[in-house]
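Visitor: Could you walk me through a model, feature by feature? I'd like the general idea each time and then the case at hand.

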Amino acid sequence: MTHPMPSSAPVSSDAVNALNESERKRIEAKSALFAPPTPVTEDGRRELVGLSREELAEVLTEIGEKPFRAKQLWHWIYHQGVTDFSRMSTIARPLQAKLEKHFIVGRPSLTTQQTSKDDTRKFLFRFRDGQEAETVYIPDRREDRGAVCISSQVGCTLSCTFCHTGTQKLVRNLGAAEIVGQFMAARDSYGEWPSPKGDTPRLLSTIVLMGMGEPLYNYENVAKAMKIIMDGEGIALSRRRITLSTSGVVPMMDRCGDELGINLAISLHAVRNDLRDQLVPLNRKYPIEELMAACHRYPAASNSRRITFEYIMIRDVNDSDAEARELVRLIRGLPAKVNLIPFNPWPGSDFRPSTRERLASFAQIVMDAGYAAPIRMPRGKDILAACGQLKTQSERKRQAESRRNEA
């Protein structure tokens, strides 16, 4: 049986904007409580990765250098991928030494790296304060390209019941340097420097902000990092090649659309509020009606760039034909596609993945309505790199040690 959505009177755009502005301020104030540490080494050198062009010019001015040097450094850092000032050949040696004294071009340190039998590669990166986050490279099955799945927070605050990452409490936000650094370190691993130009194929061709954390609860750092990555004189990844996945932080969706215009993916997972309240607790604050209204407002949607709706298929929970039909009704009028993701089991979860028959039936209903509905087969499952499975190894170790101590 299809559960009707509750009706409500239309809300004016001015009222929406006022509510969103108030909520944005609240979200930003809360985000500040989880701010990352200042990107400075123990010996006092400033990290240059993660600075905007303007900030880069400012820190150079502070050491008595001309702002035009920022353009040179930008090229070496983000186009060439160089971390050693002595290898920046267009910069005179005295200035190389001066830069070395004041600055660093760093990367997160690699704690562990695992490559799956399907060639998915998972990195566990450690940051300067010892915190860690996971990043995954997912190669395309048919072409020499793939997606880098980037984390935006250490842990997560959302507690989605199907997600392993959600069982790890939020520790802090990642800084712009740490977010950009994940992609740059993945490029290091695959030797993809200098940045490919024009139509040159890219092995690391897309970014998906689908790793640990809710990106829109760390919007300032995520936005700064993505602007660096999209800069045409550096990494130069098109906004069409970047997808941000959110569980539905409605006020920040509007800001993301206005300022970044990158692709949007919605972690939907249920088509009625009572069930989504359980699976995605954020729904209690921003219910499905508000979420779908924000999707219709999203600027990229009006440019016929499809919004992706991610739907974890959980056996006997959210996978009926009636729910497939309600999903079609929800996305009607949007340029959309639906990614159907069989639930990936993890230790401690009681959920089970939908059967093949249920997956096929659900997908067929969505496709018959004119929407793409690929069934995303798990990648990197053998190394716990599949969707919803990211959780830092250090967190697992801490839990194991705690259990041993209690025993």
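Visitor: What should I know before reading any numbers?

Guide: This is a predicted model, so to speak of a local feature we need pLDDT of at least 70, and side-chain atom pairs count only at pLDDT 80 or more, while totals for chains, interfaces and linings use all residues. Residues are numbered from 1 along each chain as its sequence is written, and side-chain values use heavy atoms, with hydrogens and water left out.

Visitor: What is the average pLDDT of the protein?

Guide: pLDDT is the predictor's confidence in each residue, from 0 to 100. Here the average is 88, and 86% of the residues score at least 70. Watch residues 1-9, though: pLDDT is below 50 there, and the stretch has 14 contacts in the model beyond near neighbours in sequence (a contact means heavy atoms within 4.5 Å).

Visitor: On to salt bridges. How many does a search of the whole structure find?

Guide: Side chains of opposite charge can pair when their charged atoms come close. The cut-off is a side-chain nitrogen of Lys or Arg within 4 Å of a carboxyl oxygen of Asp or Glu. By that rule, the search finds 27. Take glutamate 23 and arginine 26, whose side chains meet at 2.9 Å, N to O. Both sit in helix H1, three residues apart, about one turn of the helix. (Helices, H or I of at least four residues, and strands, E of at least two, are DSSP runs numbered from the N terminus.)

Visitor: Is glutamate 23 buried or exposed?

Guide: Buried means under 20% relative accessible area, exposed over 50%, and partly exposed in between, using a 1.4 Å probe and protein chains only. Glutamate 23 has 18% relative accessibility, so it counts as buried.

Visitor: Which pair links distant parts of the chain?

Guide: Look at glutamate 233 and lysine 71, which form a salt bridge at 2.9 Å, N to O. Glutamate 233 is in the loop between helix H6 (219-230) and strand S10 (242-246), lysine 71 is in helix H3 (residues 69-79), and 162 residues separate the two. Glutamate 233 is partly exposed, at 40% relative accessible area.

Another salt bridge joins glutamate 134 and lysine 122 at 3.4 Å, N to O. Glutamate 134 belongs to strand S5 (residues 132-139) and lysine 122 to strand S4 (residues 121-126), so the pair ties together parts 12 residues apart in sequence. Both residues are buried. There's also a salt-bridge network linking Glu28, Glu220, Arg255 and Glu259.

Visitor: Which residues lie nearest the centre of the second largest pocket?

Guide: Pro39, Glu47, Arg128, Ala177 and Glu178, out of 27 lining residues. That pocket holds about 480 Å³, and H5 gives the most to its lining, with four residues.

Conventions
1 Å grid on protein atoms, 1.4 Å probe; cavity = no way out; pocket = protein on both sides within 12 Å on 5 of 7 lines; lining within 4 Å. Points joined across faces, edges and corners; volume = space filled by probe spheres on them.
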